[in-house]
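User: Please go through the labels attached to this model and, for each one, set the value against the rule that decides it.

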Amino acid sequence: MKKIQSCVKDMENRVSSGTSFEDAWNMSSVQLVSAAEAHCRVIILSTFNEEIKEKSKSASPELAVVLNQLLELYTVYWALEKSGDLLQYTCISKEDLEGLRWWYEDILIQLRPNAVGVVDAFDIRDDFLHSTLGAYDGRVYERLMEEALKCPLNADVVNVSFHKYLKPFLRGKL
């Protein structure tokens, strides 16, 4: 609400100093978009909260815990991402933000044992995901090596650019 009030105040100040309403609107467009995004985040978080509360009633206790952790993670993530807005438009303090960072890290630790299950719940096939790390078969290191060998920079044991640029520069220093 305060973010929108700030936009309105800025526009009123511009208009009262002789700027046309249309130009004042255009000059405030970045702030207006930011306010609209904040409003959308509130709606998304409120809806997510309501849905998690509703779904948690019929879910197993273990799943309810994970769903609530996801809600907390998403909420705290956005609070930290938009900490400037919180500092500017709310009474949150620097110490409160530090507490949010600790909370965020704690939620990640709590969610870690369920991270693979949460991602797998989206049922995104490996051939679509094209992830070196996130494949189902667990061949992480082999896949990383295969991808690294595909890179042209790794075609030679020692890249040509080393011999051309770095080696002359490093003579007598190695």
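User: What should I know about the model before reading any label?

Analyst: This is a predicted model, in which local features need pLDDT of at least 70 and side-chain atom pairs count only at pLDDT 80 or more, whereas totals for chains, interfaces and linings use all residues. Residues are numbered from 1 along each chain as its sequence is written, and side-chain values use heavy atoms, with hydrogens and water left out.

User: Why is Ser28 called buried?

Analyst: The relative accessible area of Ser28 is 0%, and the label buried is given under 20%, exposed over 50% and partly exposed in between, with a 1.4 Å probe and protein chains only; Ser28 therefore counts as buried. Ser28 sits in the loop between helix 2 (21-27) and helix 3, where the helices are DSSP runs of H or I with at least four residues, numbered from the N terminus. Setting aside residues up to four places away in sequence, Ser28 touches Cys7, Met11 and Arg14, a contact being heavy atoms within 4.5 Å.

User: What makes Ser6 buried, and which residues is Ser6 in contact with beyond its neighbours within four places in sequence?

Analyst: Ser6, a residue of helix 1, has a relative accessible area of 19%, and on that value Ser6 is buried. Beyond its neighbours within four places in sequence, Ser6 is in contact with Gln31 and Tyr89.

User: Why is Val15 placed in another class, partly exposed?

Analyst: Val15 also belongs to helix 1, but its relative accessibility is 35%, and so Val15 counts as partly exposed. Val15 touches Ser20, Phe21 and Ala24, residues up to four places away in sequence not being counted.

User: How do you know that the buried residues of helix 1 line one face?

Analyst: The residues in question are Lys3, Ser6, Cys7 and Met11, which are buried in helix 1. Seen down the axis of helix 1, these buried residues fall within an arc of 130°, and therefore they line one face of the helix; the arc is that of the directions from the helix axis to the C-beta atoms. On the other side of helix 1, Lys9, Glu12 and Ser16 are exposed, while the cover over the buried residues includes helix 2, helix 3 and helix 5.

User: What makes the span of helix 1 close to the expected one, and what follows the helix?

Analyst: Helix 1 has 15 residues and reaches 21 Å from its first C-alpha to its last, close to the 21 Å expected at 1.5 Å a residue, where the expected span is 1.5 Å times one less than the number of residues. Gly18 follows helix 1, with a positive phi near 105°.

User: How does helix 6 stand on span, and what makes its buried residues one face?

Analyst: Helix 6 (residues 94-111), with 18 residues, reaches 26 Å between its first and last C-alpha, close to the 26 Å expected. Its buried residues are Leu97, Leu100, Ile107 and Leu111. Seen down the axis of helix 6, they fall within an arc of 75°, and so they line one face of the helix. Lys94, Glu95, Trp102 and Ile109 are exposed on the other side of helix 6, and what covers its buried residues includes helix 4 (61-81), helix 5 (83-89) and helix 7 (115-120).

User: Why are Glu51 and Asn68 called partly exposed?

Analyst: Glu51, in helix 3, has a relative accessibility of 41% and therefore counts as partly exposed. Asn68, in helix 4, has 30% and so counts as partly exposed too. Leaving aside neighbours within four places in sequence, Asn68 is in contact with Ile52 and Ser56.

User: What lines the largest pocket, and how do its lining residues divide?

Analyst: The largest pocket has a volume of about 480 Å³ and is lined by 18 residues, of which Ala38, Arg41, Val42, Asp85 and Leu86 lie nearest its centre. The elements giving two or more residues to this lining are helix 1 (2-16), helix 3 (29-58), helix 4 and helix 5, and the largest share, 6 residues, comes from helix 3. The lining divides into 10 nonpolar, 3 polar and 5 charged residues, with Asp, Glu, Lys and Arg counted as charged, Ala, Val, Leu, Ile, Met, Phe, Trp, Tyr, Cys and Pro as nonpolar, and the others, Gly among them, as polar. A pocket is an open set of points on a 1 Å grid over the protein atoms alone where a 1.4 Å probe fits, with protein on both sides within 12 Å along at least five of seven lines, and lining residues have an atom within 4 Å of a point. The volume is the space filled by probe spheres set on the points, which are joined across faces, edges and corners.
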